[in-house]
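Hi there,

Here is the structure I promised to pass on to you. Have a look at it first, and then read my notes below.

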Amino acid sequence: MNIEHATIAHIPALNKLINSAYRGIPSKRGWTTEADLLDGIRIDEERLKQHIETPNSTFIMLTKGPKIIACVHLEAKEDALHLGMLTVDPKLQDRGLGRLLLQASEDLARQN
């Protein structure tokens with residue numbers, strides 16, 4: 001597994017992963033589901049593009065081969081690093097992958 005920063009090329013896969021973890025029937029396999037609370041999609045490709053292109057904003061991803069299996073959005077604001085959309089593939093939740101992303105987020109915050 002590798003930790004990488006997302007680029008514009010990753011947007012379709014990120015969109016699919018995030019929406020599968022938060023909304024719809026597949027999300028009900030995991031702990032991040034909002035499917036019983038909200039309808040529609042969690043995010044779209046245009047909004048992901050805006051996040052990636054915003055200065056001091058990034059998605060870090062956990063990849064296994066070519067597949068993105070987890071991600072988190074980070075945005076630096078003043079003296080804090082805001083974390084959001086912590087996402088792990090619902091089929092792979094409860095295996096410590098979210099913990100790996102949180103550790104990588106803390107490491108990035110310390111570096112900056």
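Of the 112 residues in the chain, 42% are buried, where buried means under 20% relative accessible area, exposed means over 50%, and partly exposed lies in between (1.4 Å probe, protein chains only). Please keep in mind that this is a predicted model, in which local features need pLDDT of at least 70 and side-chain atom pairs count only at pLDDT 80 or more, while totals for chains, interfaces and linings use all residues. Residues are numbered from 1 along each chain as its sequence is written, and side-chain values use heavy atoms, with hydrogens and water left out.

**The overall layout**

The chain has three helices and four strands, taken as DSSP runs numbered from the N terminus (helices are H or I with at least four residues, strands are E with at least two). Read from the N terminus, their order is β-α-α-β-β-β-α.

The four strands make an open sheet in the order 1-2-3-4, with antiparallel pairing; two strands pair if DSSP finds at least two bridges between them. Strand 1 (2–5) and strand 4 are at the edges with a single partner strand each, so one side of each has no neighbour in the sheet. On average, neighbouring strands are turned by 25° against each other, direction ignored. For such angles, axes are lines fitted to C-alpha atoms, for helices over the stretch in contact, and the angles run from 0 to 180 degrees between N-to-C directions.

Strand 1 is joined to strand 2 by four bridges, and Asn-2 stands opposite Thr-63 in strand 2. Strand 3 (residues 67–77) and strand 4 (residues 80–88) pair over seven bridges, with Ala-70 opposite Val-88. These two strands form a hairpin with two residues between them, and Glu-78 in the turn has a positive phi of about 50°.

**Helices on the sheet**

Helix 2 lies across strand 2, strand 3 and strand 4, at about 110° to strand 2. Helix 3 (residues 97–111) packs on the sheet and touches strand 1, strand 2, strand 3 and strand 4; contact here means heavy atoms within 4.5 Å. The direction of helix 3 makes about 160° with that of strand 4.

**The cores**

The largest nonpolar core has 15 residues, and Leu-14, Ile-18, Leu-48, Phe-59 and Cys-71 touch the most other members. Such a core is a set of buried Ala, Val, Leu, Ile, Met, Phe, Trp, Tyr and Cys residues joined through side-chain atoms within 4.5 Å. Helix 1 (11–22), helix 2 (45–53), strand 2 (57–64) and strand 3 each give at least two residues to this core, and helix 1 has the largest share with six. A second, separate core of 13 residues includes Ile-60, Ala-70, Leu-74 and Leu-108.

**Two residues to look up**

Which side chains make polar contacts with His-73? His-73 sits in strand 3 and is buried, with a relative accessible area of 7%. Its side chain has a polar contact of 3.3 Å with that of His-51 and one of 2.7 Å with that of Ser-57. A polar contact is a pair of N or O atoms within 3.5 Å; within protein, one must be able to donate a hydrogen and the other to accept it, and residues adjacent in sequence count only if both atoms are side-chain atoms.

Pro-66, in the loop between strand 2 and strand 3, is exposed, with a relative accessible area of 85%.

Best wishes
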